[in-house]
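Please look over the sequence and the three-dimensional structure below before reading on.

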Amino acid sequence: ADDWDKYRIADSATGFCDKTQYDIDSPFAHTIGEIHIDEDGSLLIASEVVPPFNNFTSAGLFTFSENNWEVFNTFTNSELNGNRAFYRIAVHPENKKIYIGTRWDGLIEFDGETFVTYNRDNSSLAPSADPNRVRVNGLVFDQENNLWMSNHTAERPIVVLKNDGTFTNNFLPISTKELRQMAIDQSGFIWIATDENGVYVYDYNGTIDDPSDDRLQWFTTQNSALPTDRVNCLEIDLDGNAWIGTQEGAVVFECQEGVFVNSCQGTRQIVEVDGISAFLLET
């Protein structure tokens, strides 16, 4: 008992302690899958590392607001039922509910007090190529506050949680099911990164429940400026242009509504450093 005063004990869940537990006002880990900054300036961090690494970390969700860090994970909140690998984040534009895509067991909804998990048991989400996992690798809200998600390697990999609380996965079939990050442009088109199959663009034509009028475009090295079909990330800039981060540099599609026209192929950006011109982030 006398030796207890000589020790400080850190654990993997709650901070560190001697005779008293001390909470550390900091993130729980250094790993980051995605960062989201909300309109009120609050910071949200999903802690699963970016593939191809799969650590399935249990560090959870970190939030930073009013100069205070909070951590939410399976150790701090039992209702998460062991869910981990928090990878993607999206915030509902109106009610501000936080949605987290996991690489473990589906989608998590957090209203600031209560967590709800959506997986194969209560939604249109389905298991991945690993039947024990329901992986959500992309999240984005459209203009009608419907949440689009990529259900990685599921049989029907595009899933939507509609603003009315119901789910659907009734969309045009896609030749690859290895879907990852999503972004939405000013025309309402959904851009979807893939593991090694380039980029898809999906136009649901404003009618989620009627796929008969939907359109699908597929960009690869065969029909665009993409130098490789391995896509790491994508983002839409303030002008509505789609920037595609590939394994061999960046490509920008400045097509706007013409993305479904054959002449839309994207361009590689050339930069000059020390008098030498090269493609942006070429290697």
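What follows describes strand β18, its two partner strands and the sheet that holds them.

This is a predicted model, in which local features need pLDDT of at least 70 and side-chain atom pairs count only at pLDDT 80 or more, while totals for chains, interfaces and linings use all residues. Residues are numbered from 1 along each chain as its sequence is written, and side-chain values use heavy atoms, with hydrogens and water left out.

Strands here are DSSP runs of E with at least two residues, numbered from the N terminus, and two strands pair if DSSP finds at least two bridges between them.

Between β17 and β18, which form a hairpin, lie four residues, and G198 in the turn has a positive phi of about 75 degrees.

The strands belong to an open sheet of four, ordered β16-β17-β18-β19 with antiparallel pairing. Because β16 (179-184) and β19 stand at the edges with a single partner strand each, one side of each is left without a neighbour in the sheet. From one strand to the next the twist averages 20 degrees, with angles taken between N-to-C directions of lines fitted to C-alpha atoms, on a scale from 0 to 180 degrees.

Five of the five residues of β18 are buried, so the strand is largely enclosed by the rest of the structure; buried means under 20% relative accessible area with a 1.4 Å probe, protein chains only. V199, V201 and D203 point one way from β18, whereas Y200 and Y202 point the other way. In a regular strand, side chains alternate between the two faces of the sheet.

Methods. Buried means under 20% relative accessible area, exposed over 50%, partly exposed in between (1.4 Å probe, protein chains only).
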